[in-house]
Amino acid sequence: MATPSEKLAASLEELKSLQDKGHTAIQSSELRRNHRERLLKHGFIQGVMRGWYIPARPDETAGESTTWYASFWKFCAKYLDTRVGEEWCLSPEQSLSLHTENWTVPRQLLVRAPAGRNQVTKLPFETSLLEVRSALPGPQETVLKEGLRLFILPAALVAASPAFFNGHPTDARAALAMVRDASDVLAKLLAGGHSVIAGRLAGAFRNIGRADIANEILQTMKAAGYDVRENDPFAAASPGLFSCREPSP
């Protein structure tokens, strides 16, 4: 009969096999019950929610959040892939933060999914995931990064809320600085007739010193017949600076 240490060693081999495959999020179905219970007891895995676990360190102090924050993004990616397949995408605002390499764990991760449940899934240490039932951007407007499905940068800038620029100015400025040419965003602006968004982005680009892009956005939208009023979304109050005629219906 195997000794307790031999049984634990066997369970650790099962865990290592999963980790070697890159599994940071582990479903209960991936570990037999005896292995799962043994690893939990000795602190080698932690429960996240019913049926889901992450690898852990047995010497970690109870209530320590380091393991969870280190596992957060990969856990969310696998959980969402398991729940809704490929039919999900992070919000445009969160997409922009990750494009600029800001991997700070948010208090609540906002996810779009056609099969979203419009409800909050509670996660450890007062974090959560909010699935919103919403259409996804087109296949050419998403990108996979570290297993996470994001809006591509231009689409995220067009779709981002005005509050993002004022509330997360560092990420917003970094994202704007990654745009090389006005054409990156103009196709999306013109296709959707986004005159208000065009004015916001023109003001944002001017704010970071990219007057060339700001002017091209304004001129191109004007040539297409849109009424565009430039405003700086980084400012508390942004008066309209430029205008032109709205296209006829």
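Helices (H or I, at least four residues) and strands (E, at least two) are DSSP runs, numbered from the N terminus. The structure is a predicted model, in which local features need pLDDT of at least 70 and side-chain atom pairs count only at pLDDT 80 or more, while totals for chains, interfaces and linings use all residues. Residues are numbered from 1 along each chain as its sequence is written, and side-chain values use heavy atoms, with hydrogens and water left out.

**Largest pocket**

Helix H4 (92–99), strand E5 (108–113) and helix H7 (169–177) each contribute at least two residues to the lining of the largest pocket. A pocket is an open set of points on a 1 Å grid over the protein atoms alone, where a 1.4 Å probe fits, with protein on both sides within 12 Å along at least five of seven lines; lining residues have an atom within 4 Å of a point. The largest pocket holds about 300 Å³ of space, a volume being the space filled by probe spheres set on the points. Its lining comprises 15 residues, of which Glu93, Gln94, Ser97, Pro106 and His168 are the closest to the centre. By class, the lining has 5 nonpolar, 8 polar and 2 charged residues, where Ala, Val, Leu, Ile, Met, Phe, Trp, Tyr, Cys and Pro count as nonpolar, Asp, Glu, Lys and Arg as charged, and the others, Gly among them, as polar.

**Helix packing**

Axes are lines fitted to C-alpha atoms over the stretch in contact, and angles run from 0 to 180 degrees between N-to-C directions.

| Helix pair | Angle | Axis separation |
|---|---|---|
| H9 (195–207) and H10 (211–223) | about 160° | 7 Å |
| H8 (183–192) and H10 | about 30° | 11 Å |
| H1 (4–20) and H2 (33–41) | roughly 100° | within 9 Å |

H8 is therefore roughly parallel to H10 (under 35 degrees). H9 and H10 are roughly antiparallel (over 145 degrees), and H1 and H2 are roughly perpendicular (65 to 115 degrees).

The crossing of H8 and H10 is right-handed (clockwise).

In contact terms (heavy atoms within 4.5 Å), Ser195, Ala198, Leu201, Ala202, Phe205 and Arg206 of H9 meet residues of H10 including Ala211, Ile213, Ile217 and Met221. This contact of H9 with H10 has 10 nonpolar, 2 polar and 1 charged residues. From H8, Val185, Leu186, Leu189 and Leu190 meet Glu216, Ile217, Thr220 and Met221 in H10, with 6 nonpolar, 1 polar and 1 charged residues in that contact.
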